Amino acid sequence: MNNIKLVITDLDNTLYDWFTPWYKAYKLFIDDVLDNTDIQEKDLLDAIKKIHQKHGTAEYAFDFLLKELTIFQDKYPKDKIDNLRHKFYKTKKDYLKLYPSVMETLCLLRSQGCTIVAYTESMAFYANDRLRKLGLDGIIDKLYSPEEHDVPEDFQTYYSKDYYQLKKTEHIYLPLHHKKPDTDILNKIINGFDFKKNEILYIGDSLTKDIKMAKDIGIIDVHAEYGLSHHKEEYELLKKVTHWTDEEVEKEKNTTKEHIEPTYVLKASFSELLNEFKFNENTEKELENLIKIWDRTIDVQKHFNDIELKIRQLAITVSGLLLGGIITASKLNLSENSNLIPIGFLITGIIWIVFYFMDRCWYHPLLKGSVYAGLELEKKISSKLNIKGLTNNIGEKSPLNNRIRIKKFENLPILKIFAKEKLHSDDKMDIFYISIILVLFLASAFTFCL
């Protein structure tokens, strides 16, 4: 079973159904135009196809299409255009969905450290838009897609330019009107990584474009058979308005497994990948690197733990010196009404609050963060070595049973800590500081009353 470290995937009809949202929206548009005008269907479809071929895409932005569709502008009722536009975009949005198990499978691959790259013919804006809407920004490491077509000069975006950019996925632009199969581009993609060809998997729905290209350069090919759309009756509409040439349409439609035989086939879902391959399982070298990172994480834990201990030691030292100095000064003060001692207890209590804040809110979260990081690393290491890690064992043994549990304190601020059944590190710290602070404030009040 191959150990895959790089997954290169097509987007349309592989991760999500591109065809259905496109068809539903265009069918609605065409039917609406035919109902509201005397335009002949063939004339309308021919006009749309001409615009799509001019710009090299069958998903040319609807607003742009309407402006260039002279036959539509001349005859469609002006007062109905906004409503038509709204229904078109809503239909596309409602039908745009990931295939079942795609998100779960991709997240699992990422959690195992597998690199995920998307390679598509869809132009930059449209591919980018779908990745953002489907929540794939950041799930996919890199996106390769052709540049965007020219935008009309009078076009103004509703949001700022940054809104339309991917925030986490790196977007690499290919030449405008780029088409698959292109082994030069695919080689360029895989050469950007230090992986062997038997560690690279390519998945796509097109036999002629995806599978053939992967076979030609010698990486593992996987056919997303569940994403096939050209056997659907509705495919006829796409043929009539597509930017592809007639030869490309027929070649794609008529290609069968007799012509190109995929090595692996996903018949029902994307998650079938998990039955055929291992993904980035740790080699001996990788395990060694994980252990080194874990060792450094333990050092960080020790560092923050030492800082917290020093803060507590310093709080005790400062308090002792302050109280000692004030008591000595009060004895030298001949006035019977001296309030130096209660003031001393009060100031010491305030000092403890300052140290408590520094310890609890400043350094303790950093210590906990390093502990959580250690736990994540130990999960990966222990799963391979079949052992329970140090951090995990400490976490299990650390909680302390509260033998003086006072249930009446459950709803009281601060004191509710004493009502807990088990005391964790946060609780122990709170009890340590709060107990001393309360004693100091009570001592201040008591000595003041004397």
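This briefing walks through the packing, aromatic pairs and backbone features of the structure above. The model is a predicted one. Its largest nonpolar core has 66 residues, and Phe29 and Ile203 touch the most other members. A search of the whole structure also finds 23 aromatic pairs. Here is a friendly tour, topic by topic.

**Nonpolar cores**

- Leaving aside its neighbours within four places in sequence, phenylalanine 29 is in contact with Ile48, Phe62, Leu65, Leu66, Leu69, Phe72, Leu84 and Phe88.
- Apart from this core lies another, of 18 residues, with Tyr119, Tyr144, Leu186 and Ile190 among them.

**Helix H5**

- Helix H5 covers residues 81-95, and at 1.5 Å a residue its 15 residues should span 21 Å; the end C-alpha atoms are 22 Å apart, which agrees.
- Which residues of H5 are buried? They are Ile81, Leu84, Phe88 and Thr91.
- Looking down the axis of H5, the buried residues fall within an arc of 95 degrees, so they line one face of the helix.
- As background, an α-helix has 3.6 residues a turn, so residues three or four places apart point the same way.
- On the other side of H5, Asp82 and Lys93 are exposed.
- The cover over the buried residues of H5 includes helix H1 (19-36), helix H3 (62-68) and helix H4 (70-75).

**Aromatic pairs and a cluster**

- A pair of aromatic rings is described by the distance of the centres and the angle of the planes.
- Among the 23 aromatic pairs, phenylalanine 62 and phenylalanine 88 are stacked, at 3.7 Å centre to centre with 5 degrees between the planes.
- Phenylalanine 62 belongs to helix H3 and phenylalanine 88 to helix H5, so this pair ties together parts that are 26 residues apart in sequence.
- Phenylalanine 62 and phenylalanine 88 are both buried.
- Phenylalanine 193 and phenylalanine 195 have ring centres 6.0 Å apart and planes at 15 degrees, so they too form a stacked pair.
- Is phenylalanine 193 buried or exposed? Phenylalanine 193 counts as buried because its relative accessibility is 18%, under the 20% cut-off.
- Phenylalanine 195 has 26% relative accessibility and so counts as partly exposed.
- One aromatic cluster is formed by Trp18, Phe19, Trp22, Tyr23, Tyr26, Phe29, Phe62, Phe72, Tyr76, Phe88 and Tyr89.

**Backbone features to look at**

- Most residues other than glycine have a negative phi, and most peptide bonds are trans.
- Lysine 180 and proline 181 are joined by a cis peptide bond, with omega about -5 degrees.
- Proline 181 sits in the loop between strand E5 (170-174) and helix H8 (183-191).
- Asparagine 13 is not a glycine, yet its phi is positive, about 65 degrees.
- The loop that holds asparagine 13 runs between strand E2 (6-9) and H1, and asparagine 13 is buried at a relative accessible area of 7%.
- Serine 101 also has a positive phi, about 75 degrees, although it is not a glycine.
- Serine 101 lies in the loop between H5 and H6 and, at 19% relative accessibility, counts as buried.

**Threonine 105**

- Threonine 105 is part of helix H6, residues 102-111, and is buried with a relative accessible area of 3%.
- Where does the side chain of threonine 105 reach? It reaches the backbone oxygen of serine 101, at 2.6 Å.
- Not counting residues up to four places away in sequence, threonine 105 touches Phe270, Ser271 and Leu274.

Notes: Residues are numbered from 1 along each chain as its sequence is written. This is a predicted model: local features need pLDDT of at least 70, side-chain atom pairs count only at pLDDT 80 or more; totals for chains, interfaces and linings use all residues. Side-chain values use heavy atoms; hydrogens and water are left out. Helices (H or I, at least four residues) and strands (E, at least two) are DSSP runs, numbered from the N terminus. Buried means under 20% relative accessible area, exposed over 50%, partly exposed in between (1.4 Å probe, protein chains only). A polar contact is a pair of N or O atoms within 3.5 Å; within protein, one must be able to donate a hydrogen and the other to accept it, and residues adjacent in sequence count only if both atoms are side-chain atoms. Contact means heavy atoms within 4.5 Å. The expected span of a helix is 1.5 Å times one less than its number of residues. The arc is that of the directions from the helix axis to the C-beta atoms. A nonpolar core is a set of buried Ala, Val, Leu, Ile, Met, Phe, Trp, Tyr and Cys residues joined through side-chain atoms within 4.5 Å. Rings of Phe, Tyr and Trp (its six-membered ring) pair if their centres lie within 6.5 Å; planes under 30 degrees apart count as stacked, over 60 as edge-to-face and the rest as tilted.
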